[in-house]
Amino acid sequence: MRRRGERTGMLESADVAGRQAGEEPLAERRRRITEHLGGPERLARLRSRGKPTVRERIAALLDAGSFDEIGMHAHSARCEDAADTPGDGKIGGYGRVDGRRIAVVGDDLTVKSGTSSQNGGRKVERIYDQALRSRVPFVFLGECGGGRIPDILASSDFSRLSALPVYGHRARRIPSIAFITGDSFGGSSFHAALSDVVVQLRGSCMSVTSPRVVEAAAGEIVTPEELGGVEVNGSISGQADIVVDTEEEGIATLRQLLSLLPSSAREMAPRAPVAERDRSTPITRFVSPDRRRGYDMRRVLRLVADDEPLELGAGIGRGILTALGRIGGHAVGIVASQPLHHAGAFGVDGLNKITRLVLLCDSFNLPLVFLQDTPGLMVGPDEEHRRLLFTAMHLQQALVNSTVPKLTVVLRKAYGLAHHLLAGCGMGADLLCAWPGSEFGFMDPEVGANVLHGRELAGLEGEERRARRRLRAEELRRETDVWGPAGAMSIDDVIEPDETREVLRAHLDRLMEGRTAADHDHALAGWPTSW
């Protein structure tokens, strides 16, 4: 009886608190919630760590004065915590970025470490659902302590916790972007994994659960950095598309991403004016005609694109570059070989990067530009054991089912399956051209000489063996010149290197003129966002 009476007393106390709060002038109530968040002491602790509040992050992202908050008066479902949980750990609503409307939600560290709970979850789903209905992008600012305990331990409470089903209905109808700003466990990491692009701040952690839970459940002691820091997610797992060093850089990156994407799959990305700048540097300054010499493809991209492209997945699959940028004012996805790494060969990580970009661009009506200089796929047990075969065919299916324009330029080398998987011959490219001196073939001649003349070479040693292999490779190379596919009408044109930007710009104008979102089937919109 005493326990029941205590529970009744708590309910009565909560009721009194609610009535007292109701007597507070609305303007004062709003001011107290927005200025104090989870309370002056918690706010002071946050400040002592040099961290901005979630409201300050939202204000930095949005156009000044455009934030329309939703669910300000939500609080914990637990009566005893109602007075101390304004917003229930999640702050969100609607606003504008460069005049375009978006939806935004962020974790509030001053309220129980931004942990996930029932009413906070309802708020996030409400805002997300309205973003889908309004067809506007959704941005999530993640820094969450995981699921709130004890709120979700009881079976009845656990059963009411959201499992993010609303994301499953998205089918990429709207762009979704996540920015991990601090240690993120559980809910906010799930939001990131379901997003189209993930930005992670250096010094933060993004993982399924916290090091404390790992220690308790698995007996393993790890730091947040070892579990899900940027070195892990940026260079090993590939779960972070972009790594930034500061909050300011992260917010600027979010704004740049939003500028390159349409508000929804029913729209085309906004076209921007082309900035005037010196474009006199010849591409051949950076690309040697010597097929064995590497170069940094990023330098080529800076000459081809209107301005610096925004690279995605820079830390993994480094034989391939993927990026968003503009050519002739058109927002495009860019896939390019990177001869600085493995001579431009690529394996599972590179294939996944390309597939992820193809899905993003096909869903949001961005044409794809491919710049090829590859000797082929990386092969061997390590790649095969990581499902090289299935991953390559996954990309092949994405390419043949995509309906956005695809434009491909071969710079030097185009060999084997890698050539086809970079929108090469027979893959439905709307433009396929090549530089003079470029090579096409089933296998790089250096490798082919070893395969085709293996027995002959096996009987030789030292310099004689090397000289004979060079001779055989040169014989094979004479059969790989660009005029073969040009004569067979397998490629559209042979162009001078310094014509590359202008050719791409002119054909993008042709292909995008009068084009609408209705011209795209969006067959890839329902494919998973993460790999």
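This is a predicted model: local features need pLDDT of at least 70, side-chain atom pairs count only at pLDDT 80 or more; totals for chains, interfaces and linings use all residues.
Close-up 1. Ser402 belongs to the loop between α16 and β14, the latter covering residues 406-415. A polar atom of the Ser402 side chain lies 2.7 Å from the backbone oxygen of Leu399. When neighbours within four places in sequence are left aside, the residues in contact with Ser402 are Val358, Asp362 and Leu524.

**Close-up 2. The nonpolar surface patch that includes Leu389.** Leu389, Phe390, Met393 and Leu417 together make a nonpolar surface patch of about 390 Å². Helix α16, which spans residues 388-401, supplies the largest share of this patch, namely three residues. Leu389 is itself placed in helix α16, and it counts as exposed because its relative accessibility is 54%, where the cut-off for exposed is over 50%.

Close-up 3. Asn233 is found in helix α11, formed by residues 230-235, and counts as buried because its relative accessibility is 1%, the cut-off for buried being under 20%. The side chain of Asn233 takes part in a polar contact of 3.2 Å with the side chain of Gln200, and a polar contact of 2.9 Å joins the Asn233 side chain to that of Gln239. Not counting residues up to four places away in sequence, Asn233 touches Gln200, Met206, Gly228, Gly238, Gln239 and Ala240. Val243 lies ten residues from Asn233 in sequence, and the C-alpha to C-alpha separation of the two is 8.9 Å in space.

**Close-up 4. The largest nonpolar core and the contacts of Leu324.** The largest nonpolar core has 59 residues, and those with the most contacts inside it are Leu61, Leu254, Leu324 and Ile354. Helix α14, running over residues 348-363, contributes the largest share of this core, with eight residues. For Leu324, once neighbours within four places in sequence are left aside, the residues in contact include Leu257, Leu260, Pro309, Leu310 and Leu312. Also in contact with Leu324 are Val332, Gly333, Leu357, Leu360, Cys361 and Leu366. In soluble globular proteins, nonpolar side chains tend to be buried together.

Conventions:
Residues are numbered from 1 along each chain as its sequence is written. Side-chain values use heavy atoms; hydrogens and water are left out. A nonpolar core is a set of buried Ala, Val, Leu, Ile, Met, Phe, Trp, Tyr and Cys residues joined through side-chain atoms within 4.5 Å. Buried means under 20% relative accessible area, exposed over 50%, partly exposed in between (1.4 Å probe, protein chains only). Helices (H or I, at least four residues) and strands (E, at least two) are DSSP runs, numbered from the N terminus. Contact means heavy atoms within 4.5 Å. Patches are made of residues with over 30% relative accessible area and no salt bridge: like charges are joined within 9 Å, nonpolar side chains (Val, Leu, Ile, Met, Phe, Trp, Tyr) within 5 Å. Accessible areas come from the Shrake-Rupley method with a 1.4 Å probe; for residues, only the protein chains shown count as cover. A salt bridge is a side-chain nitrogen of Lys or Arg within 4 Å of a carboxyl oxygen of Asp or Glu. A polar contact is a pair of N or O atoms within 3.5 Å; within protein, one must be able to donate a hydrogen and the other to accept it, and residues adjacent in sequence count only if both atoms are side-chain atoms.
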